[in-house]
Each structure stands twice: as structure tokens, then as C-alpha cells.
Amino acid sequence: SFKQTQMKFELKMFADRLRWKEEDELSKWFLASFERLAIFHLFNLEGFPDGFSVGQVSRALNLPRTTASRLLTECNQKGFIIRNREEGKQRFYLPSEHLLRNGDFWCEYYVDTILNIDSTTERRQFFEYKRVEHETRSYRDEK
């Protein structure tokens with residue numbers, strides 16, 4: 001049952017992403033590659049008040065520095081990220097409000113779509129089973 005709902009979810013996401021790419025410039029840019037999508041997720045993380053430098057993005061995503069620089073420059077030119085204007089922090093990029101709102105939308109979309117595809121408890125039961133399995137394995141590894 002979990003596998004069926006997961007595959008339905010993935011197919012719905014595929015169709016929605018195609019539609020989003022047609023309707024929204026932000027989606028068109030970020031959904032064009034795995035690296036760009038990873039940048040979208042990275043810039044939606046909290047705990048980086050100064051933003052991200054090219055080097056940090058390069059290391060976090062295991063990308064060549066030149067690739068990270070090119071992607072961040074493009075993203076900045078499109079207005080999806082902005083330069084930190086604070087003194088001494090201009091080499092850092094911050095997420096735009098548009099990018100952050102899309103991060104909020106993505107999280108709500110994700111949960112709502114799963115709940116609409118599977119209203120039964122089987123998915124939750126599978127996750128609970130896997131959680132217990134991980135805890136048991138972790139407990140055994142500690143001994």
C-alpha cells in the first residue's frame with residue numbers, strides 16, 4: 001500500500017512540476033536541474049543569518065566552485081537570491097522573500113498531496129514501523 005501511494009505521489013509531483021515550470025519563472029529555473037533544486041532547498045534552511053558564500057554552496061552540494069559561482073550568479077540575476085548588503089558580508093547571498101514563500105508552499109503542497117492520495121493510516125503505520133526499526137538498529141549498534 002505504501003509503495004502504491006508513493007508512486008502515485010511521485011507521478012502527481014511530476015505532472016505538477018511540468019505545470020509549474022510553464023507558469024512560474026522561479027520553478028522553471030530551479031526545476032531545470034538537480035543542482036538548482038538543491039540550491040532552492042539549501043536557501044530555505046534556517047540558521048544561516050549571513051546567507052551562503054560560493055564556497056559554502058560548493059562544499060554543501062559537492063559542486064565545483066566554478067559551477068556554484070555560475071549558478072548563484074544566475075540565481076541572483078533572476079532575483080531569487082540577493083547579495084547581503086551588510087558591511088563585510090557582501091560575498092554572501094540571502095534568499096529572496098519569493099524564494100522563501102515558495103519554500104513554504106512546497107512544504108504545504110508536499111503534505112497536502114500525500115494526505116489527498118492516501119487518507120488511510122497505512123502510510124503512517126509504515127513510517128512508524130521504519131522508525132522503530134531504525135531505533136532498534138541504533139540501540140544494537142550502541143552495544
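Predicted model: local features only at pLDDT ≥ 70, side-chain atom pairs only at ≥ 80, totals over all residues.
Residues are numbered from 1 along each chain as its sequence is written, and side-chain values use heavy atoms, with hydrogens and water left out.

**Exercise 1.** Describe how α1 and α6 are oriented to each other, and which residues meet.

Step 1: Helix α1 covers residues 2-23, where helices are DSSP runs (H or I, at least four residues) and strands are runs of E (at least two), numbered from the N terminus. Its axis lies 10 Å from that of α6, at an angle of about 135 degrees; axes are lines fitted to C-alpha atoms, for helices over the stretch in contact, and angles run from 0 to 180 degrees between N-to-C directions.

Step 2: Angles under 35 degrees count as roughly parallel, over 145 as roughly antiparallel, 65 to 115 as roughly perpendicular and the rest as oblique; α1 and α6 are therefore oblique to each other.

Step 3: In contact (heavy atoms within 4.5 Å), the α1 residues include Phe-9, Met-13 and Trp-20, and the α6 residues include Trp-106, Tyr-109 and Ile-117. The residues of this contact divide into nine nonpolar, two polar and four charged, with Ala, Val, Leu, Ile, Met, Phe, Trp, Tyr, Cys and Pro counted as nonpolar, Asp, Glu, Lys and Arg as charged, and the others, Gly among them, as polar.

**Exercise 2.** Work out how α3 is set against α5 and against α6.

Step 1: The axes of α3 and helix α5 (residues 65-77) come within 11 Å and cross at roughly 70 degrees, and the two helices are therefore roughly perpendicular.

Step 2: Glu-35, Arg-36, Ile-39 and Phe-43 in α3 meet Leu-71, Leu-72 and Glu-74 in α5, a contact made up of four nonpolar, no polar and three charged residues.

Step 3: With α6, the axis of α3 comes within 9 Å at a crossing of roughly 95 degrees, and α3 and α6 are therefore roughly perpendicular to each other.

Step 4: Phe-40, His-41 and Phe-43 in α3 meet α6 residues that include Leu-100 and Trp-106, and this contact has five nonpolar, three polar and no charged residues.

**Exercise 3.** State which element gives the most to the lining of the largest pocket, and the classes of the lining residues.

Step 1: α6 gives the most, with five residues.

Step 2: By class, the lining has 11 nonpolar, three polar and two charged residues.
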